[in-house]
Amino acid sequence: MNATKRYEIFTRFRAANPHPTTELEYSTPFELLIAVLLSAQSTDVGVNKATRRLYPVANTPQAILDLGLDELKTYISTIGLYNNKAKNVIATCEILVNQYGGEVPREREALEALPGVGRKTANVVLNTAFGEPAMAVDTHIFRVSNRTRIAPGKNVDEVEQKLLKFVPREFLHDAHHWLILHGRYTCVARKPKCWNCIIKDLCEFKDKTPAPADVLPPSLPSLTD
């Protein structure tokens, strides 16, 4: 895919959604960190249901430590792998309290050193909480990047590096949100909704899904408009 196509793709994403953000609910960097940690192999909807109950009771590292492991589990028991996630949350809170005064560090190395926090989680926090041009490559972004050929790669690290290289700088801060939402709602895994895609004419996926018989495809802007 050439640079002109990429620029037009992100121009259309921006026009359709000028201020994208995560669908996880949070009000502080710490709340975002815990929500992302809980979201591994879980849906944002499920995490939001749990944190809506948890955060009014405990939404700081010390408050969660005061809550304790067993009580924490009662708030997140509806989330997959909650036992292990609860242990990671408690261990992370201990580090934040003991080493960072209860604040979430802004350095990648420090974030990735927290229990249960990998590169993807660190990238989400750096991008969404602190405004860094980080690229959190999840299954949606990996799929969209390869399927459209925006940034094809054999693994998430390769896709991340290609996106950081190829996405025009003016779009870099919001790109990961646009790509996640596109993969979640349009470029879905089994049968992408190509007929309802605002970048259909730019996407290089060959086996585009035709529109159902009772659905009219939307009109698309011209590349030269």
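These points concern the fold, surface, charges and cysteines of a predicted model.

1. Secondary structure. The protein contains 11 helices and 0 strands. Read from the N terminus, the order of elements is therefore α-α-α-α-α-α-α-α-α-α-α.

2. Overall dimensions. The radius of gyration is 19 Å, close to the 17 Å that the globule rule gives for 225 residues, so the protein is as compact as a globular protein of that length. The C-alpha trace spans about 60 × 35 × 30 Å along the principal axes of the protein.

3. Packing. Of the 225 residues in the protein, 46% are buried. Among contacts with a separation of 6 or more, 58% are between residues 24 or more positions apart.

4. Charges. There are 28 positive and 25 negative side chains in the protein. The centres of the two sets lie 9 Å apart.

5. Disulfides. The count of disulfides is 0. Cysteine 197 is in no disulfide, and the nearest cysteine sulfur, that of cysteine 203, is 6.3 Å away.

6. Cysteine burial. Buried here means under 20% relative accessible area. Cysteine 93 has 0% relative accessibility and therefore counts as buried. Cysteine 197, at 10% relative accessibility, counts as buried too.

Notes
Residues numbered from 1 in each chain as written. Predicted model: local features only at pLDDT ≥ 70, side-chain atom pairs only at ≥ 80, totals over all residues. Heavy atoms only, no water. Helix = DSSP H or I, 4+ residues; strand = E, 2+ residues; numbered from the N terminus. Rg over C-alpha atoms; globule rule 2.2 N^0.38 Å. Buried < 20%, exposed > 50% of the residue type's maximum accessible area, 1.4 Å probe, protein only. Contact = heavy atoms within 4.5 Å. Lys, Arg positive; Asp, Glu negative; His and termini not counted. Charge placed at Lys NZ, Arg CZ, Asp CG, Glu CD. Disulfide = S-S within 2.5 Å.
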